[in-house]
Number of protein chains: 2
Amino acid sequence: MKKVKIALLGLGNVGCGVWKILNSNKEEIQKRSGYEIEVAKILVRETKKDRGVIVPEEILTTDFNEILNDKDIKIVIEVMGGIEPAREYMLKAMDKKKHIVTANKMLLATGGDEIFEKADSMGVMFHYEASVAGGIPIINGINESLTANKVEQLYGIVNGTTNYILSKMETEGLSFKAALDEATEKGYAEADPISDIEGFDAQYKLAILSSLAFGTKIDVENVYREGITNIKSIDMDYAKEFKMVIKLLAIVKDVNGKLELRVHPTMIPKNHPLANVYDSFNAIFIKGNAVGDLMFYGRGAGDLPTGSAVVSDLISILRSNIDLENINPVVKNNLWDKKIRDIRSVESKYYIRTTVEDKPGVLGEITTILGDCGISLRSVIQRGVESPQHDKVTLVLVTHYTKEAKVIEAIDEIYELKTVKKIDNIIRIEDFKN
Amino acid sequence: MKKVKIALLGLGNVGCGVWKILNSNKEEIQKRSGYEIEVAKILVRETKKDRGVIVPEEILTTDFNEILNDKDIKIVIEVMGGIEPAREYMLKAMDKKKHIVTANKMLLATGGDEIFEKADSMGVMFHYEASVAGGIPIINGINESLTANKVEQLYGIVNGTTNYILSKMETEGLSFKAALDEATEKGYAEADPISDIEGFDAQYKLAILSSLAFGTKIDVENVYREGITNIKSIDMDYAKEFKMVIKLLAIVKDVNGKLELRVHPTMIPKNHPLANVYDSFNAIFIKGNAVGDLMFYGRGAGDLPTGSAVVSDLISILRSNIDLENINPVVKNNLWDKKIRDIRSVESKYYIRTTVEDKPGVLGEITTILGDCGISLRSVIQRGVESPQHDKVTLVLVTHYTKEAKVIEAIDEIYELKTVKKIDNIIRIEDFKN
């Protein structure tokens with residue numbers, strides 16, 4: 001049996017998952033890779049910390065140079081996260097012809113070009129399956145299995161925390177706050193949940209997936225982003241009435257050669273496969289011009305699922321010939337130069353929830369404005385709301401397909417009406433037909 | 001741009017799909033593979049037939065030797081199906097160092113060893129993503145992305161025809177016959193639907209998937225098989241009452257190192273992701289010991305989805321170095337030698353529908369037999385049936401987990417009872433907890 005030495009950078013949640021898998025599934029990994037794998041070094045900040053896994057103390061180091069300068073270490077697994085020093089370490093390791101596996105979405109979404117170019121110029125293999133959607137093989141799926149397609153649309157539930165919160169709101173009627181508290185308690189949400197609930201995490205992941213699916217460079221700033229903090233139980237109730245559910249979707253569509261990139265809460269039909277993705281599960285739904293509809297579903301986070309993706313990348317590298325250069329080159333993200341469409345150009349259906357005075361003629365005023373802006377309505381629901389004077393009602397409007405710019409224009413005018421107290425929420429509706 | 005010549009064996013449904021994709025997605029395929037691909041020859045039985053695609057007549061041939069002896073043809077795509085002459089042609093082509101892409105499930109399920117060994121000994125690449133579940137990248141998923149896992153269980157809806165029929169029965173209340181007629185009319189079922197409705201097609205596919213997932217040789221004869229022809233509307237109704245649906249599942253489980261391989265109609269909970277796979281869609285649900293639950297969903301048949309899998313295999317080969325030997329070796333199916341468990345050893349819950357005389361004491365007789373066999377009941381439903389004398393009732397029994405051997409024993413005894421007119425149906429229930 002051939003032997004190979006590898007190193008881990010980081011021994012947090014994912015690092016411990018990798019360590020556990022390398023030990024518990026040793027026989028499988030050896031037989032499938034053809035190698036006996038030795039973790040020669042693990043870079044940590046503190047060697048004495050209790051991490052809940054048994055790791056021989058002599059392989060822990062706080063000095064990256066011990067890894068960098070060890071010629072026998074052929075593959076470096078970066079699971080420390082964050083931009084620096086992960087970026088510096090990966091670039092230096094590639095300079096020494098070490099192959100790389102990483103789980104670092106933030107670095108790839110913001111500084112991926114430099115990393116990919118380095119891998120390309122050094123002829124080393126660079127794998128990053130674990131950077132998006134944990135254990136779901138979506139990177140490999142796009143990179144290897146959808147290559148015969150023009151990808152037309154991709155819709156992802158790529159953040160487990162927000163999907164858990166929305167699932168609890170939908171199925172148990174919890175408020176956003178109560179659902180978030182439960183997610184925090186169960187360890188699904190971090191102490192500072194902003195990156196999840198405001199959609200930043202999904203934004204990074206969409207940038208990586210889109211860049212890969214469309215072979216083009218995507219600046220993460222070009223991904224429109226809205227979080228889920230404004231979703232109320234009443235929106236869930238209305239969604240149910242329309243036979244829909246609300247999910248935080250990461251969406252990219254190729255519209256006549258231009259890309260539309262957006263992360264926002266979305267109402268989708270209850271009978272769509274994505275609507276049945278509950279709790280902290282992730283799923284990515286893709287339409288390709290040859291393959292048709294395709295969906296990948298699974299665990300988007302957690303030590304073992306993410307570790308599964310990291311170790312499968314490691315095995316892929318070992319199955320190629322690690323001593324040859326350029327054997328498994330990085331897929332280029334500059335095959336095409338796609339333009340980005342502004343969010344104002346998006347065409348969608350819209351759910352608009354407003355609070356208005358309970359007077360005759362209010363609906364007429366609003367529909368006149370919508371009509372003048374060229375927006376046609378699919379349905380209107382009016383209901384009394386709890387207020388001391390019983391003088392307000394909730395008015396929910398659902399539009400047909402219309403351009404977002406028109407909605408913005410109409411909403412500005414509607415908000416000027418004296419009879420309109422509040423525009424409570426606007427949620428885009430996706431019926432997967434456009 | 002590098003150039004490569006390839007040949008197609010067959011120009012039926014899948015062959016035409018491959019041809020269409022190579023033309024319509026030419027730019028994507030060139031950029032992603034790095035090659036300009038020329039289809040130099042296509043082997044057909046008749047050169048004059050109208051196939052609905054425009055193919056230059058000069059590349060059509062009825063003589064395989066024109067392909068075999070053309071040194072410039074580096075890759076052969078076998079999409080003719082069936083055992084012979086596909087087997088002979090592939091073996092000969094590999095002898096000439098040609099790489100192979102195939103969509104041939106029947107050959108792989110029954111004579112795969114010889115083919116894999118030839119590829120291995122000649123050092124050529126051999127890809128077969130299209131052989132199972134059309135456009136769904138399940139072969140690559142298992143082969144590349146789940147390698148860090150011990151696969152524990154796999155559940156597949158791998159036959160679109162039967163899933164279409166069961167969907168129509170469930171959602172529109174059609175009889176089996178009416179649903180089959182509709183499937184035939186829509187082109188989902190073949191003129192002779194036996195291979196689909198009796199589960200043979202799913203049996204082949206399960207043999208291929210299991211062999212890959214468990215790295216072991218699987219004789220297709222070891223896969224227990226039941227079709228869906230005995231499923232009645234009334235079974236669908238009872239399933240609904242239990243918040244379940246009926247699907248034809250291909251199941252493999254590793255139970256203490258032995259494999260349980262079976263294809264049969266299965267009641268599964270309505271809230272399971274597989275329960276929401278409708279119409280002719282396919283899905284494969286896998287439990288790995290690291291990745292947890294994972295599902296792949298998509299089109300299991302059709303010219304373009306299957307063609308998508310074939311062409312992505314072609315691109316994979318081109319991305320490796322086609323002039324080097326052993327660059328992307330065939331994954332071995334003899335890494336482990338797993339024993340097969342007999343169907344009688346299976347542990348499951350069971351739905352048993354019987355017709356009995358409407359007399360006091362009948363239920364007591366039956367439950368006594370079940371109790372004596374060590375089978376405990378979860379629920380019993382008794383209802384009158386339409387009969388001239390109103391003297392018969394339907395008795396539905398649902399058991400807790402029990403060994404199949406016990407059920408067989410109990411049913412034999414129950415059938416001996418004078419008061420029992422008929423054992424109408426027995427359907428295994430899968431709650432994904434065992």
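Student: Hi! Where is T419(A) placed?
Tutor: In this predicted model, T419(A) sits in the loop between α14 and β18 (420-429) of chain A.

Student: Is T419(A) buried or exposed there?
Tutor: T419(A) has a relative accessible area of 11%, and the cut-off for buried is under 20%, so T419(A) counts as buried.

Student: Which residues does T419(A) touch?
Tutor: Setting aside residues up to four places away in sequence, T419(A) touches V356(A), E357(A), V362(A) and E365(A).

Student: Let's turn to α14. At what angle do α13 and α14 of chain A pack?
Tutor: Helix α13 (residues 362-372) and helix α14 (residues 404-416) of chain A pack at about 150°, and their axes are 9 Å apart. Angles over 145 degrees count as roughly antiparallel, so that word describes α13(A) and α14(A). Their crossing is right-handed.

Student: Which residues make the contact?
Tutor: From α13(A) come I366(A), I369(A) and L370(A), while α14(A) brings A410(A), E413(A) and I414(A). Five of these residues are nonpolar, one is charged and none is polar.

Student: New topic: how many residues are in the largest nonpolar core?
Tutor: That core has 168 residues. Those with the most contacts inside it are F126 and I138 of chain A, together with F126 and I138 of chain B. As a general point, nonpolar side chains tend to be buried together in soluble globular proteins.

Student: And what is I138(B) in contact with?
Tutor: Leaving out neighbours within four places in sequence, I138(B) is in contact with E129(B), V132(B), A133(B), L209(B), I284(B), I286(B) and F296(B).

Notes
Residues are numbered from 1 along each chain as its sequence is written. Chains are lettered from A and ligands numbered from 1 in the order in which they are written. This is a predicted model: local features need pLDDT of at least 70, side-chain atom pairs count only at pLDDT 80 or more; totals for chains, interfaces and linings use all residues. Side-chain values use heavy atoms; hydrogens and water are left out. A nonpolar core is a set of buried Ala, Val, Leu, Ile, Met, Phe, Trp, Tyr and Cys residues joined through side-chain atoms within 4.5 Å. Buried means under 20% relative accessible area, exposed over 50%, partly exposed in between (1.4 Å probe, protein chains only). Contact means heavy atoms within 4.5 Å. Axes are lines fitted to C-alpha atoms, for helices over the stretch in contact, and angles run from 0 to 180 degrees between N-to-C directions. Helices (H or I, at least four residues) and strands (E, at least two) are DSSP runs, numbered from the N terminus. Angles under 35 degrees count as roughly parallel, over 145 as roughly antiparallel, 65 to 115 as roughly perpendicular and the rest as oblique. A crossing is left-handed if the near helix is turned anticlockwise from the far one by less than a right angle, and right-handed if clockwise. Ala, Val, Leu, Ile, Met, Phe, Trp, Tyr, Cys and Pro count as nonpolar, Asp, Glu, Lys and Arg as charged, and the others, Gly among them, as polar.
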